[in-house]
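Q: Can you walk me through this one? I'd like to start with the inside and then look at how the chains meet.

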Amino acid sequence: MKRIYRRRSWSTIVSATAIAALLGGCAAGGAPQESGGPSPDAGASSAEIVRMANFGQEGNITPHTYETATGYNLLGLVYDSLLQIDEAGVPQPWLAEEVTTSEDGLTYTMPIRDDAAWHDGEPLTAEDVAFSFTYYQDGPPGRFRTAVSNVESVAVDGETVSVQLLEPGASFELRTLAELPILPEHIWSSIDAPDEAPFDESTSVGSGPYRLVESDPGTSYSFQANPEYFAGAPTVEEIRVIQFANDAGAVAALRSGEIDIITRSVTPEQVPVLNGQQGLSVLEGPEYVTTLLAFDTQRAPFSDVAVRQAINLATDRELLVSDVYLGAAIPGNAGWVHPESPFYDESIETTFDVDAANALLDEAGITDSDGDGVRELDGEALEVELLAVSSNALRMRIAELLAAQYAEIGMRVEVASLDQEAFDQLVWPEYDVAAGRNYDMAVFGWSAPTQADIGQMGALVDSDPTLGNLNITGYRSEEADALAAELRTESDPEARRAVAAELQALIAEELPLITLLYPNGLYGHSSDAYGGWTSITGQGPINKLSFIPADARP
Amino acid sequence: MTPKPPSPSHPKTTGIPTVSFRARLAPRELTRPAPRDYTRLIGIVGAVIVGSLVLVAIFAPLIAPYDPTIRAGAPFSPPSAAHLLGTNDVGQDILSELIFGTRVSLMVGVVAASAAMLVGTAIGLVGGYFPRVGSIIMRGVDVVLVLPFLPLLIVLSAYLGRSVLNTILVIAFLIWAPTARVIRSQVLSLSRRDYVTAARSMNARDGYIIRRHVLPRTFLLAIGEFVAATSAAILLESSLSFLGLGDPLQKSWGSVLYWAQARGAFLTPAWQWWVVPPGLLIMLAALGFALLGYALEQKINPRLRRA
């Protein structure tokens, strides 16, 4: 274990957790019980400690070594960015007091607030901001280097920073200013390889509401409140993140009072169980995660748009939502965009009509000539393989239900379950769409950022593998390329909405992919332990906003 | 063929010349009653269990109240008159799943055990009949015997991918070794019998001796081994499917358990109708085959035959 700062309360917390675990363990049979751990008034707006269950491999929490989406959210506790998204997901001034954009959309001018300081007491200055931009540009490849790739130069004038772009970027505020963790120049200027730098009290210095005081990658992390934070003292004294191997362990720990919140959605069938236990509840809200049906649009029969349209018509999204997600999801919009998104176009219709689907296939000349219930295309039976990742029970069930639904339109679907690695190798080899693909159909998912930034919609359909880096279905269309290009550069909100609506209509018509549903976020937590959770639309409650005083939130 | 032993208390004959056990034991019976021989009863119980499961597997479409692949009711329904064991996470009838699952579980068990028996018998025969070659082959068998079972099973099936065929291959690969050992020891003993030596001295070829003298008397033993191996194979198939290393979309008892686990039935009251029944079935099948195998072995294996 790597201890960064010595802490006195460590042993008492360990024993409290252990006792809570023991007590909880005894009662963990489903009977209502008091949640363990420190429990002030129900829904308290502040707490001594909040314990989170996290999953997966996680590195040190630095901008260069974090690994999971939760790791990124935890990074936001330690570091600040120039803008901070509010509950609606809109960027608001944070370290920058305001943002002024030049007429041509190429220059962003931002005065930096003067009351922000680093954890070691040094003031946070405009020099630090400028340094961060160039440091990420020179750093190893990754999310943040991509975020600053469009930056030409950064100039400092007193406490004001101005950023010059290479070309107008409509997503620049959301994807760069609101995401880039600002680094302390006095720490990092002497470090050449940030991803290999030692991780200790000398490098873990941020400006955020929490300091990372203990880090044991793979086991646990501990964050201590920074009372000097410019937006006010955080509402929770300590945040402990405990790594779990799987959902079942985390849910059991939540029920026995060993932890206070799970950083990942629980499965829908857990909701009544958790809500039924005294002191626990589930925060449910729409989430920008998308579950979709991908197919290789360059391969027969999916190269025929009539086939894709028939599949879309034959997909009973309501049934997937009610039977697989038990209602805890929103049926997919054929035009891709989540109904909660400000860019959602209501005029796009998503229809379920098996008869129309059959008629469409008949019209396209794909008929069942030998009467075996399976249509033929160019003399070959319409038989395809549908891939699903075996570790994801919900997606496997979706695949099973889809196979039954597509049998109704004379398409025989064979479901194959693969482990994640084998699946990725076929569907998205090397995570680079330029490397091609080798599959018929697959149940796939995109994470929240692909919906949170409407600019990413272009990446789903653009035929250029660099611009269309999410185009796993190999879709090609000049019209889509043109709309994607407009979406990248158009920053006027009204015009941008219009372009997004046009692209949604195109996706709903051409169907480069079939949006199945958007699972809701289901965050099981102890309502006794802490009640200050604040969800950002589509992105859940594990974020900075949940821990800063309500009046200081943007 | 010698005449039947005269004792009326020992009505059946195995066709092997022997003296009456009762006659020899008689003096001790006066002081202490001989322990009753339950072998026959055990065999009948085993046969009844296995027989009923086979019937269920054959007539699954007639017995099952629903098609196990369709949505028969609301997901996660508790047991009711319409669904005696409730429904699973996508509304499939659990009872029907279990009935159809009998097919896959038994099929995998029987096929894997047959394959294991074939391999084991062949290697046992060669190893026993040609002792020099055998001493080398048996070291290989020793290696397979000491391999850590479940970890290897998991590694192999993860590597080969998920399908029923792979499950069968992996199981067969791991359970043939004990059969090979048992068969070899029997063959070792048989091939030194006087009549084998006599046949050999009359210039009989090895193939002839094996076919005529060794194989027929080894075969029964292999059948006993086969039944015991089936029990092991069913358990292994269930373990693999439960861990999600089988084909989770193939209805078997293990995959019913896999879904129960994946959809949280172990943490909710659903365990009573979703976890316990498949568990009991797996236990019952393993027990049935084990009992039958035990009874057969008692009858067949010369080392265990009561004397």
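What follows is a short chat about the model shown above.

A: This is a predicted model, where local features need pLDDT of at least 70 and side-chain atom pairs count only at pLDDT 80 or more, while totals for chains, interfaces and linings use all residues. Residues are numbered from 1 along each chain as its sequence is written, chains are lettered from A in the order in which they are written, and side-chain values use heavy atoms, without hydrogens and water.

Q: How many residues has the largest nonpolar core?

A: The largest nonpolar core has 68 residues. Such a core is a set of buried Ala, Val, Leu, Ile, Met, Phe, Trp, Tyr and Cys residues joined through side-chain atoms within 4.5 Å, and buried means under 20% relative accessible area (1.4 Å probe, protein chains only). A:F547 is among the residues with the most contacts inside this core.

Q: What does A:F547 contact?

A: Leaving aside neighbours within four places in sequence, A:F547 is in contact with residues including A:M52, A:Y210, A:I239 and A:W533. Contact means heavy atoms within 4.5 Å.

Q: New topic: how many residues of chain B are in contact with chain A?

A: 20 residues of chain B touch 22 residues of chain A.

Q: And how many salt bridges are there between chain B and chain A?

A: The count is 3. A salt bridge is a side-chain nitrogen of Lys or Arg within 4 Å of a carboxyl oxygen of Asp or Glu. A:D323 forms one with B:R71, and their closest N and O atoms are 2.0 Å apart.

Notes. Buried means under 20% relative accessible area, exposed over 50%, partly exposed in between (1.4 Å probe, protein chains only).
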